[in-house]
Amino acid sequence: MADFLLELLSEEIPARMQAKARADFERLFVAQLSDAGLKAADITVYSTPRRLALIAKDLPDQTEAVSEEAKGPPQGAPDQAVDGFCRKNGVTRDQLEVRDVKGRATYFAVINKPGRATSDVLSEAIPAIIKAFPWPKSMRWGDASLSTESLRWVRPLSGIVAILGDDLVECEIDGVTSGYETVGHRFHHDGVVTIGNAGDYAEKLRACHVLVDQAEREAIVREGAAKASSDGGLELVADEGLVIENAGLTEWPVPLLGGFDPAFLDVPEEVIQLTARVNQKYFICRDQSGKLAPNFICTANIDATDGGKAIVAGNEKVLAARLSDAKFFWELDQKTPLEEHAKKLSNIVFHEKLGTVADKVERVAKLAEWLVSLEGNGFYQSSPGDTLHGEVSEAARLCKADLVTEMVGEFPDLQGLMGGYYAEKQGKSEAVANAIRDHYKPVGQGDEVPTDPVTVAVSLADKLDTLVGFFQIDEKPTGSKDPFALRRAALGVLRLILENNIRISMRDLITAAAHDGGLDAGRDVASFFIDRLKVQQRDAGIRHDMIDAVVSVEHDGDNIRMVHRVNALQAFVETEDGANLLAGYKRAANILKKEKVEQSDIESLSYTPEKAEKALIDALDAAQPDVTAAIEAEAFEKAMTALADLRAPIDQFFEDVTVNDSDEDKRTARLALLARFRGAVHQVADFSKIEG
């Protein structure tokens, strides 16, 4: 047994690619070993900006010998066929075995393959791994790059360290040969570093100011940034994404505290955060009162002799230039009213079949105005109608205006947010500014859901317009592809409706959002919403078959009513009464499935029901009015309780009664009674959709 070290040295590997590269490195290595019949006891993978490294523990010295069999032609086949079989499998005729296969003598070749030295397997595996590496982006370099057959790698590959135990594993690819030598830190160590074996790899590089373990570097960045902030009397704004990125940019991370001119704090906080984070990979800090502080944490890749003063000064200068640009954009954008910015939206194509962004804005405004004009939808019970309508109209027509501003051009992630700031500066009402700022919400499952009436109306209208529009032009999500984020839009619509208790028909919403007054894709949109509702409710513990059962009887698409009914149904079915009633329903439904019978008035038949039948009739007479009244009152738990009273009578009916009696009147009456029972259950939900 021996440990194996493989290091691939290159120019800087982008930080964003390193996590996947580690996973791909291990996957490809394991696959190569598996094909040869080898397996390591443990595998550790490291990455730094300049290297990928893998250590495989306890590899056997060689692969096991294997015996393989190949079935050949039957005995008596032409010599040409038999000789060809022998050549293919590397055997002679006298080595063939003859076996009976379905009564026919057939040649078999038995090939015994001796074990191979693990070092030989690795020599072949290393070039194969390098060639198969699935970098998101790769390049060719040097004179060899003139040929399309030359090696592609994320950055120029400059070295390979491959050591099994203490022995070199010899290999070569594209002129790069394996050896014992690697390099240390670019600034802290000159010359090469000679590695003896896998056991001394990490420590030898540590002595040369290279921390190969990305988890260790992440801990240094995380804890060092927090300490640098604390030492300055500040609190670090935690950002795990920046921790990982800074660790991926450095081999010897050193967090340092810097500052900037407090005058830049006049710029919105989010702009400063993005400027520092996106452009410079800096952490930001807050003061003791929780306000953004004029400070940042940068991560150096060197242990400077002056304690990092020159590094901090250089970073302060760069950030000051970035913030100056941001301040310029902030002040310049405010010189043009949002109404003037909005006029430029006619120059931006939303989609070639759906018009410009200005066209979309107008559709959103009309849909939002329609939403707040509806009565009894549970939207806005305390807002004055005229004021609300005017604010919704204004917010909708300005909600996309910041797309043409300089700030959003520089930082697209700030769309909406900057519009809200500019609206405030223009003196717009708080409701209008909030709606412009938050109308994209909720963006993801964990994002907050707006509750302000103006924001809800504009957000709902915006998402509906996008969703219905793309369905109308047949740009629907397929498989894993959803280029226009329609699944996210549908989930956003559902969350807005459910969390704001909006009582409105989805059918009416879809129809109102239809472009040009028509909606051929209406059924597809409705089905799409049901599928998204299943996804959303699944996270809340609701089974998809419960939703199917309720959708079958809820035809207007009131999501609030539907979800309440679904919750009551699932709770009921999970009780003993519910489970037994479901079993009785399934039995009745299976009998009725084979018969063409409709619910009819049993009393019209010239037949006197037996005791069990009469008990079921009486139970239905008592339960059905209660179920009807409970459903009309949306007291679904009461409806389920009323249904539970049918459990014992239906069980007794099947115990005592033969449905398919030879007497035609009895048979007809009993089938009709079962049809009535099924109809009573269907008042609550279509139990045929329930699994189990």
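In this predicted model, helix α8 buries V312, N315, L319, L323, A326, F329, W330 and D333 (buried means under 20% relative accessible area with a 1.4 Å probe, protein chains only; helices are DSSP runs of H or I with at least four residues, and strands are runs of E with at least two, numbered from the N terminus). The cover over these buried residues includes β14 (254-259), α7 (269-280), β16 (292-300), α9 (338-343), α12 (406-410) and α13 (417-425). Residues are numbered from 1 along each chain as its sequence is written. Local features need pLDDT of at least 70, side-chain atom pairs count only at pLDDT 80 or more, totals for chains, interfaces and linings use all residues, and side-chain values use heavy atoms, without hydrogens and water.

What of the length of α8? With 26 residues (309-334) at 1.5 Å a residue, α8 should span 38 Å (1.5 Å times one less than the number of residues), and its end C-alpha atoms, 37 Å apart, agree with this.

Turning to its partner α7, the axes of α7 and α8 come within 10 Å and cross at roughly 135 degrees (axes are lines fitted to C-alpha atoms over the stretch in contact, with angles from 0 to 180 degrees between N-to-C directions). That makes α7 oblique to α8, as angles under 35 degrees count as roughly parallel, over 145 as roughly antiparallel, 65 to 115 as roughly perpendicular and the rest as oblique. V271, I272, T275, A276, N279 and Q280 of α7 meet V318, L319, R322, L323 and A326 of α8 in this contact (heavy atoms within 4.5 Å).

Definitions and conventions: Buried < 20%, exposed > 50% of the residue type's maximum accessible area, 1.4 Å probe, protein only.
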